Amino acid sequence: IDDLINKEIAAGHLPGAVLMVARKGAVVIRKAYGNAQVYPDTIPMTPGKMFDMASLTKPVATATAIMILVERGQLRLMDPVEKFIPEYTRYIYEDGSPAEPIRLYHLLTHTSGLPPYTDFKALKSEFGAPCPEAVIHRIATIEKQYPPGLHFAYSCLGFITLGEIIRRVTGMDIDEFTVKNIFKPLNMQSTMFTPPEKYFSRIAPTEIVNGVLLKGFVHDPLARLMGGLSGNAGLFSSANDLAIFAQMMLNGGTYKGTRILSLLTVKAMTTIYPELEFSGRGLGWDVYSDYRSNMGDIFDKSCYGHTGFTGTSIVIDPQTKTFIILLTNRVHMPHGNVIALRSKVANMVAASIV
């Protein structure tokens with residue numbers, strides 16, 4: 001694995017990486033490679049670096065928060081989105097009749113019919129930044145591409161919607177709710193939205209945007225328009241903290257005496273949703289969709305995980321009680337790419353289990 005990662009760094013596919021592998025509660029590898037930053041200055045990578053999690057925000061923060069609210073009886077997965085956001089429109093058939101409403105489980109499994117993204121430049125031009133109310137209204141009223149429950153299309157818009165539902169149901173923004181109910185109870189001290197400036201020296205930067213190196217500010221444009229408090233992206237974390245979260249999931253929702261989720265909730269989140277087998281998705285987690293290349297070719301189908309656009313990845317295999325956390329800031333490089341690397345690392349870890 002050392003040779004593999006160093007070769008990818010030398011090829012310019014990523015500036016550096018942090019890898020954490022554990023099995024049966026014991027850490028096998030915890031190692032930093034290369035650099036955290038290569039321009040305008042070079043800063044070496046360290047194991048404790050914090051990264052922009054990008055779409056790892058979806059399962060670790062948003063889906064977990066939604067399922068906590070389901071467990072508490074404050075939500076049902078069958079609830080229509082329009083119950084919480086009344087202006088949320090439906091798919092319209094050619095004859096002008098509306099489809100069934102989009103429900104929470106459609107958002108969690110990317111089967112809502114929402115498009116993948118929307119024009120953030122137009123929103124910023126019209127409303128300025130940040131403009132969270134405008135973003136939510138645009139998503140609510142955007143033309144839906146398919147009736148819900150019939151087509152899988154990975155969509156950030158669905159998880160931005162879920163973050164807003166968390167806010168409307170609890171009265172707390174996603175950062176406050178997740179810190180209070182997930183990250184603080186687990187003692188994940190390096191996991192947060194909109195990190196204060198005192199953390200910036202620990203954060204691996206992403207791209208230069210408008211002449212400014214993004215470090216501590218979310219990379220995703222729509223999440224920036226949400227002020228960094230978004231259900232699709234915006235979480236920052238470290239390998240050590242994600243290891244705590246992964247072990248909590250492997251333990252069936254508990255870690256060192258602190259229960260975050262029930263055993264049955266973890267199972268429901270990490271198995272393909274029964275009515276939507278074509279999607280290959282659990283509730284917030286990827287189980288067997290076209291996006292699962294980070295899980296490699298060898299792990300059993302019970303394996304689940306997720307990736308982030310900035311170069312982050314997590315793989316959890318309940319059968320062998322193994323997890324792999326590979327954190328990179330590949331978008332810091334002009335031609336950054338870690339798709340093949342993630343898969344190869346997973347294969348090498350799986351092949352090492354005897």
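Tutor: Let's start at Thr254, where a polar atom of the side chain lies 3.1 Å from the backbone oxygen of Thr258. That's a polar contact, meaning N or O atoms within 3.5 Å; within protein, one must be able to donate a hydrogen and the other to accept it, and residues adjacent in sequence count only if both atoms are side-chain atoms. Before going on: this is a predicted model, in which local features need pLDDT of at least 70 and side-chain atom pairs count only at pLDDT 80 or more, while totals for chains, interfaces and linings use all residues. Residues are numbered from 1 along each chain as its sequence is written, and side-chain values use heavy atoms, with hydrogens and water left out.

Thr254 belongs to strand S9 (residues 254–255). Strands here are DSSP runs of E with at least two residues, helices are runs of H or I with at least four, and numbering goes from the N terminus. Setting aside neighbours within four places in sequence, Thr254 is in contact with Gln247, Met248 and Arg259; contact means heavy atoms within 4.5 Å. Ile244 is 10 residues from Thr254 in sequence, and their C-alpha atoms are 10.0 Å apart.

Next stop, His219, which is found in the loop between strand S7 (212–213) and helix H8 (221–225). With a relative accessible area of 9%, His219 is buried. On this scale buried is under 20%, exposed is over 50% and partly exposed is in between, with a 1.4 Å probe and protein chains only. The side chains of His219 and Glu207 make a polar contact at 2.4 Å. Leaving out neighbours within four places in sequence, the contacts of His219 include Asp52, Thr206, Arg224, Phe309 and Val331.

Phe309 has something else going on: the charged end of Arg330 sits over its ring, 4.5 Å from the centre. To count, NZ of Lys or CZ of Arg must be within 6 Å of the ring centre and within 35 degrees of the ring normal. Lys144 does it too, lying over the face of Tyr88 at 5.0 Å from the ring centre.

Phe152 and Tyr291 form an edge-to-face pair, at 5.9 Å centre to centre with 80° between the planes. Phe152 lies in the loop between helix H5 (132–141) and helix H6 (156–170), and Tyr291 in the loop between helix H10 (263–269) and strand S11 (304–308), so this pair ties together parts that are 139 residues apart in sequence. Phe152 counts as buried at 17% relative accessibility, whereas Tyr291 is partly exposed at 41%. Tyr291 also stacks with Tyr154, at 5.1 Å between centres and 25° between planes. That pair links distant parts as well, 137 residues apart. Tyr154 is buried, at 16%. The rule takes rings of Phe, Tyr and Trp (its six-membered ring) with centres within 6.5 Å; planes under 30 degrees apart are stacked, over 60 edge-to-face, and the rest tilted.

Now for charges. The model holds nine salt bridges, each a side-chain nitrogen of Lys or Arg within 4 Å of a carboxyl oxygen of Asp or Glu. Arg90 and Glu82 meet at 2.8 Å, N to O; Arg90 is partly exposed at 30%, and Glu82 is partly exposed at 26%. Glu100 and Arg103 meet at 3.7 Å, with Glu100 exposed at 55% but Arg103 buried at 18%. Asp286 bridges to Arg281 with the closest N and O atoms 3.5 Å apart, and both residues are buried. Arg76, Asp79 and Lys83 form a salt-bridge network.

Last, a sheet. Three strands make an open, antiparallel sheet in the order S4-S8-S5. S4 (50–52) and S5 (192–193) stand at the edges with a single partner strand each, so one side of each has no neighbour in the sheet. S5 pairs with S8 (residues 235–238) over two bridges; DSSP must find at least two for strands to pair. Leu235 in S8 is the bridge partner of Phe193.
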